[in-house]
Amino acid sequence: MMCDGCGQIAPAEHVARRLKRLEWATRYRPVHIHTLFLGAFSPRDDKDFLYAPNGEFHGEAALLLEALRISTAGKTEDAVHSEFQRAGFFLTHILECPLEDDDEGQQAALKKRLAAVATRVRRSLKPRRVIAVTEALTPVVEDILAMDLGCPVLLDNGKPFRLDSRAGKNGAARLREALAGTTAD
């Protein structure tokens, strides 16, 4: 069976996992999306998936929340998700499923899904702006910029904003500046 979240031929368990994640994310999708954070791949572990109801935030989810200065300390997962939602933020990925492929296979998979993502962004999500996050988008940045998303795409000096620790505090600060509209790319 073909997974419509990543374009891979996948077993029923893969599709069921994708649908579960879609259900989690839909629960916290803002009615009006101000900022759509666009990542490359959905995290492999549910604990790293922002919308997972696991009570803790790890990996990509923790990095994004930290960069946005959304504290998780002493809050329920629902309170954190609601704060993210009230800010008009939504996180999605070009490939809504994790991939096992090498870098070349991942780049080809990303390119293959771009048209479907552009359609989803224009017709369904309709954000005011898209902010590319995660270094894995670097090989397809020009393709993303060439797509008609119906809104501006914000980058960090021509590259996706990095959320990982290698980007350091400056990466998070630049992301916050872009959100505040104090930088342009």
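In this predicted model, Leu38 has Thr92 of strand 2 as its bridge partner. The bridge belongs to a parallel pairing of strand 1, residues 35–41, with strand 2, which runs over 6 bridges.

When neighbours within four places in sequence are set aside, the contacts of Arg113 are Asp4, Gly5, Cys6, Gly7, Ile94 and Leu95. Arg113 is buried but forms no salt bridge. The nearest side chain of opposite charge is that of Glu96, 5.8 Å away, while a salt bridge requires a nitrogen-to-oxygen distance within 4 Å.

Helix 2, residues 59–67, comes next. Its buried residues include Glu60, Ala61, Leu64, Leu65 and Ala67. These residues cover an arc of only 165° around the axis, and therefore sit on the same side of helix 2. After the helix comes Arg69, which has a positive phi, near 60°.

A further arginine, Arg162, is found in a loop. That loop joins strand 4 (153–154) to helix 6 (168–180). Is Arg162 buried, exposed or partly exposed? Its relative accessible area is 25%, which makes Arg162 partly exposed, because buried means under 20% and exposed over 50%. Arg162 and Val130 are 32 residues apart along the chain, and 14 Å separates their C-alpha atoms.

Technical notes
Residues are numbered from 1 along each chain as its sequence is written. This is a predicted model: local features need pLDDT of at least 70, side-chain atom pairs count only at pLDDT 80 or more; totals for chains, interfaces and linings use all residues. Side-chain values use heavy atoms; hydrogens and water are left out. Buried means under 20% relative accessible area, exposed over 50%, partly exposed in between (1.4 Å probe, protein chains only). Lys and Arg count as positive and Asp and Glu as negative; His and the chain ends are not counted. Contact means heavy atoms within 4.5 Å. Two strands pair if DSSP finds at least two bridges between them. Helices (H or I, at least four residues) and strands (E, at least two) are DSSP runs, numbered from the N terminus. The arc is that of the directions from the helix axis to the C-beta atoms.
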